[in-house]
Each structure stands twice: as structure tokens, then as C-alpha cells.
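Please read them with the sequence and the structure open side by side.

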Amino acid sequence: MTAREGSLEAPTRHPLDWRNPDFYDADKLDKELERVYEICHGCRRCVNLCTAFPTLFDLVDESSTMEVDGVDKKDYWKVVDQCYLCDMCYMTKCPYVPPHEWNVDFPHLMLRAKAVKFRSEGARFRDRLLSSTDALGKLATIPVVVQTVNAMNKVPLARGVMQSVLGVAKARELPDYASRKFRPNAATSRTHAVKDGKNTPGKVAIYATCYVNYNEPGIGNDLLAILEHNAIPYVIVEKEACCGMPKLELGDLETVAKHKEINIPPLARLAREGYAILTPVPSCTLMFKQELPLMFPDDADVKAVQDAMFDPFEYFVLRNKDGLLKTDFKGGLGKVSYHIPCHSRVQNMGQKTREMLQAIPGTEVTTIERCAGHDGTWGVKTEYYANSMKIGRPVFRQMAEPSPDWVSSDCPIAGRHILQGMREGDAAGHARKAHPITLLRTAYGV
Ligand code: SF4
Ligand code: SF4
């Protein structure tokens, strides 16, 4: 029986066939792009999701035939370049995803195109640099270098040079690098008895992420303080490389595989020892929950890590359900404008952060469930910066509406982008930015 449009069946995500030589065959890719572009042209549901679809529909509408066959194949790449792999078209809009016979997986088709381009052309220096979050973080956090990098990132003249030489948008507010990295300075867990719940393991391993390790160690420290307050013993994962998401977005799948070889063995060991693995950045969590399992479907270690991986608020809400989370909040947070990033939404776990924040007395949460348009490195690049701010505009407006005390997103990069957009629209008021983990710690008063 063929699947019908609008079927209520759960979508099936097929593994990424990236080791098959056909995956990299340019002609076969062109045929598949044409096939899927035709379906999208006839459907157009995703027109307001991002700038990839309007680019495609404009190309079709302005072509001589007003059909996909009138679009120059070279222009297919304009659509690919606008996709930052947020996955929203697959997860929320598309009625033609498998098991539908049309088998549309638009994000993974874009990923395949990026991989083909990367294999044939490589990537420009800027893209290789920005996607090397680990190497960049190690370099930028060296004493003295860190102060210089942070200072230069705020000097308009230096940013002008960065824009013209590197292609990093001058107007984009960049995060500071930390002078004390998270991983080497993380507090050791006190001894607590392990209390496994029905839904949650009673001990936790922290995969820090590049961003928390090098840019905002405070988020990691807040997470540890929450675990400590709840008497949940924890360890920091002994060895860690970048999760590989920035390289995936570049189409550099071989480097993703190299990162996986570093990360998965220690994580799999912890998973098998019964730890819950918590990752405080949604894109990194998604990498372990979804992308690596699709790239390595037969790897038992990847599967073990997938099964043990939690978003922190997913863990807290389930821990609460198990009756093992303290709710002895010392104070309310006031008005919180909370944004759910795309990479949290596609984890299909429900709005766990909202649930937790709403459980704090004296806290009024306004939830915005819409793409903010930054993506990891996409919105930093000169050629995409304006589009990134344009996509984010409705989010900036909705986040500002309640005159919030706090602006918060599970994705710390999106949070910064949103506050920048609010400030530029003169709508930030007295709002301060804080990660939801930081807000939870504040409410606990620990
Ligand atoms: S994955 Fe996201 S950015 Fe890419 S086409 Fe789909 S909605 Fe647009
Ligand atoms: S991805 Fe699916 S829902 Fe979106 S335009 Fe294409 S066919 Fe329609």
C-alpha cells in the first residue's frame, strides 16, 4: 500500500548512503535535485520556512518555462547554499517524507549536494576555519591571545578587515572566548548514591560541547550546580572532540567520521556503564541522537550513545516524573521570553525546557517556536548575514512583545542573535540574556 499525503504514520528517516559511490555522482545528484525540486514547486508549503525555498520558487517562476526544467542546473546550487540544515522542512511541513512513495528528504538531499561540492571543490578558508570550532577554541583561549581576540572582535576597524579578508560579517556580534575553559576547571562531583529512576539513570556524564568549553563555561558550571543540588553524581567525559555538526553542515563527511572516532568510544563506554549523557547545546545533542546514527546505522557504539543521550531539560523533566528532582525553588524568574531552536524541535521530545521553566513559581514564560535564522556558522558569514537577520525578525518581535526580564534559548548562539536583533530594533528594553540552564540554577538559588 502506498502512503498517502497527510498520513499520520511517523516519518521514517532513511540512513544517509554516504559511502555509496552513487552518493557523489554529480549526474545522479542533478537528477535527484530536479525530481525533488519539481515536487517542491508543485507543493510550496515550505515557502516561509527559510530562504532556500523562496530561492527555488523564484528561479522557477523567473525561468522561460516557469517549470523546473527551465532552471539552469548551475542555479540549483543557489538553493543548496541557502539551506543551513535546520531539518524543519522534514520534521514539520513535508507530507512526502518516507514512507510516502515520493521519498522526499529535502535536508538530506541538500546535505548530499554539499558533500558532493565539498568533495569536488573543497571549502574556502573561512568555512574551514569557522567549522573547526575545537581548533579555533584551543587557539583563541590561550592566555593573552584570548584578551586580544575578544578585544579585536569589538573593534570596528578589525571587524572591517575580517569582513573583507575572511568574509565574517562585520555587523554580527560574536561571542567572547573564555579565559577559563569549562572542561579543565569543572568542579568534581561530590559523592552521592546513584538513584536510578524509571525514566532516568541516576548518574550523568557531561559532553561539554565546544561552545560551552571555550565560549560560555558558565552554562556548564550551572549545569553541574543543578546536578549537585539534586544529588546526582556526574563525570565530565574524559575525551572530547567537536561533535562534527559544523563539518556536517559544510558537507565534509570524512571529517565528521574522524570526530566520531574520537567521541564515540568513551561515550559508548559511559553509556554501557549506565550513565545518562547530557549535552547542553541542541545541535550537538542532535548530532548524537540523529545524524551520527543515520551516517553509521550498523554501529552498535553509536546506537548505545544515541540511547543514552539526553537534552538536559528532557532529563530534568523525566527526573521530575521519577520523583527525583528537587523543586525547592527560592525565587521566581519574572517574565521569560523563551525560544525553542529548530535543533531542539526536531529531537521530537516536546517542549521540555518550557515545562521546567513554567514549573518555577513566579515565572511567566512566553514560548516562541520559530526558526531564528542564525544556525551555527551560517548567519556569521557576510553573504548570509542579512538573510539571517531577515529570517529572525518575526522571532525578535515576538520575543520582545511581553517586555521580558529574560531572553532565553536552548541554543546559546540563537539567544545572542535574538538579543542582537531585539537591540537593533530598539525593542530589548531591560531584557537580559541567559541560557535556560542558568535560569534554572538562578531559580534554585544555588
Ligand atoms: S533544512 Fe531548514 S534551511 Fe534547509 S531547506 Fe529545510 S527548512 Fe530550509
Ligand atoms: S520539502 Fe516537502 S513540504 Fe516542503 S515544499 Fe518540498 S515537497 Fe513541499
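1. Leaving aside neighbours within four places in sequence, valine 168 is in contact with Arg126, Met162, Gln163, Val380 and Thr382; two residues are in contact if their C-beta atoms, placed from the backbone, lie within 7 Å. Valine 168 itself sits in the loop between α9 (156–166) and α10 (182–185). Helices (H or I, at least four residues) and strands (E, at least two) are DSSP runs, numbered from the N terminus.

2. This is a predicted model, in which local features need pLDDT of at least 70 and side-chain atom pairs count only at pLDDT 80 or more, while totals for chains, interfaces and linings use all residues. Residues are numbered from 1 along each chain as its sequence is written, and chains are lettered from A and ligands numbered from 1 in the order in which they are written.

3. Is valine 168 buried or exposed? Valine 168 counts as buried because it has 21 C-beta neighbours inside 10 Å. The cut-offs are 20 or more other C-beta atoms within 10 Å of the residue's own for buried, 12 or fewer for exposed, and partly exposed in between, with C-beta atoms placed from the backbone. Arginine 432 has 11 such neighbours and so counts as exposed. Arginine 432 belongs to strand β8 (residues 432–433), and its C-alpha is 4.9 Å from that of tryptophan 406, 26 residues away in sequence.

4. The protein chain has 22 helices and eight strands. Its radius of gyration is 22 Å, close to the 22 Å that the globule rule gives for 446 residues, so the chain is as compact as a globular protein of that length. The radius is taken over C-alpha atoms, and the rule is 2.2 Å times the number of residues to the power 0.38. Of the 446 residues, 45% count as buried. Among contacts with a separation of 6 or more, 76% join residues 24 or more positions apart.

5. The chain is divided into domain 1 (21–121), domain 2 (125–166), domain 3 (182–319) and domain 4 (328–444); these bounds come from an automatic or database domain assignment. The C-alpha centres of domain 2 and domain 4 lie 25 Å apart.

6. Around ligand 1 there are 13 residues, of which Cys50, Cys83, Cys86, Cys89 and Pro107 come nearest. A residue is near a molecule if its C-beta atom, placed from the backbone, lies within 6 Å of it. Helix α5 (106–121) and helix α4 (88–93) each supply at least two residues of this shell, and α5 gives the most, with three. By class, the shell has 12 nonpolar, no polar and one charged. Ala, Val, Leu, Ile, Met, Phe, Trp, Tyr, Cys and Pro count as nonpolar, Asp, Glu, Lys and Arg as charged, and the others, Gly among them, as polar.

7. Ligand 2 is also surrounded by 13 residues, with Cys40, Cys43, Arg45, Cys46 and Cys94 closest. The elements giving two or more residues to this shell are α1 (26–43) and α4. The shell around ligand 2 has 10 nonpolar, no polar and three charged residues.

8. Helix α17 (residues 312–321) is largely enclosed by the rest of the structure, because seven of its 10 residues are buried. Its buried residues pack against α12 (217–229), β3 (276–278), β4 (309–310), α19 (352–358) and α22 (436–444).
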